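Student: I have a structure to go through before a meeting. Could you take me through it step by step?

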Amino acid sequence: MTLKSKIKLTYFPARCLGEPIRFMLAYLGKEFEDHRCSAEEWLRIKHKLTSACVPATPWGKVPVLEIDGQQVTQNIPIVRYLGKEAGLGGKDNWEDLRIDEIVSVIDEFRVELAKHHSQNYAKENPISKDHFFNEKIPFYMKKLDAHIKKNNGYLANGKLSWADLYFGAMIEHMTDIHGSDITVGYPNIKVLKERVFTLPQIKAWLDKRPEDSYKWLLFINFFKKETVNKYLNFFKKGTVNK
């Protein structure tokens, strides 16, 4: 990636897995095309239907980052690459391992949240709400809060890394799924989130980014239609404010 590289990110009109990439591009000060594909457009991409403006994705999924015409997928490898470009990787292989470790923990937590939410709204093998909110979420949040305190207020190696920007972007998505501010009661997590959000480049991005819209879910066959309607209702008529 060079100073003049042409960059395009393709994702849905939502934060979710795309936002950590947007955070990193903003941190790098890169101009990029933030392509938020419509439901109809995604179906063309997903099923590889021909369209002059909608190329098929390499693995049939998004996000997709395109740099000077070359496409790459999978949000964590993309954020890792951009983090290293920004100088936010580790100083050696061991520090890189500690960053990868904590990012994997965060992603595991995100998957647990998403699975609980989708299964309960679909009423497919519903998970006990009490168990999940009183045991599963506190298990991760308490450990993450203590981990941040032990690491000088950061997630890895006692200093700012791409893991912190990844977490700052992802904690918003986790809050959306949770239904309320998931950082309440976890002061070290809250401080880290604010530290990331007040970085000048990130603050500038937050001030200008568009609002999320979850209406595209109605047209994408991830869930049954009635499940999607419940999901949209949870997100207050399909829109989540910044």
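Tutor: Let us begin with a term: two strands are said to pair if DSSP finds at least two bridges between them. Please note also that this is a predicted model.

Student: Where does that term come in? What is the bridge partner of Glu66 in β4?

Tutor: The partner of Glu66 is Gln71, which lies in β4. Strand β3, residues 64-67, is joined to β4 by 4 bridges, and the two strands run antiparallel.

Student: What holds paired strands together in general?

Tutor: Strands of a sheet pair through backbone hydrogen bonds, in either a parallel or an antiparallel manner.

Student: In what order do the strands of the sheet come?

Tutor: The order is β2-β1-β3-β4, in an open sheet of 4 strands with mixed pairing. At the edges are β2 (33-36) and β4 (70-73), each of which pairs on one side only. On average, neighbouring strands of this sheet are turned by 20° against each other, with direction ignored.

Student: Stepping back, how many helices and strands does the chain have?

Tutor: There are 9 helices and 6 strands in the chain. Of its 242 residues, 49% are buried. Among contacts between residues at least 6 apart in sequence, 68% join residues at least 24 apart.

Student: Now helix α8. Which of its residues are buried?

Tutor: Helix α8 spans residues 200-208, and its buried residues are Ile202, Trp205 and Leu206. Viewed down the axis of α8, these residues fall within an arc of 100°, so they line one face of the helix.

Student: Why would residues three or four places apart point the same way?

Tutor: An α-helix has 3.6 residues a turn, so residues at that spacing point the same way.

Student: And which residues are exposed on the other side of α8?

Tutor: Pro200, Asp207 and Lys208 are exposed there.

Student: What do the buried residues of α8 pack against?

Tutor: They pack against α1 (19-27), β2, α6 (162-178) and α7 (187-197).

Student: You mentioned α1 and α6. At what angle do their axes cross?

Tutor: The axes of α1 and α6 cross at roughly 130° and come within 8 Å. That angle makes α1 oblique to α6. The crossing of α1 and α6 is right-handed.

Student: Which residues make the contact?

Tutor: From α1, the contact involves Glu19, Pro20, Phe23, Met24 and Tyr27. The residues of α6 in this contact include Trp162, Leu165, Tyr166 and Met170.

Note on methods: Residues are numbered from 1 along each chain as its sequence is written. This is a predicted model: local features need pLDDT of at least 70, side-chain atom pairs count only at pLDDT 80 or more; totals for chains, interfaces and linings use all residues. Side-chain values use heavy atoms; hydrogens and water are left out. Axes are lines fitted to C-alpha atoms, for helices over the stretch in contact, and angles run from 0 to 180 degrees between N-to-C directions. Buried means under 20% relative accessible area, exposed over 50%, partly exposed in between (1.4 Å probe, protein chains only). The arc is that of the directions from the helix axis to the C-beta atoms. Contact means heavy atoms within 4.5 Å. Angles under 35 degrees count as roughly parallel, over 145 as roughly antiparallel, 65 to 115 as roughly perpendicular and the rest as oblique. A crossing is left-handed if the near helix is turned anticlockwise from the far one by less than a right angle, and right-handed if clockwise.
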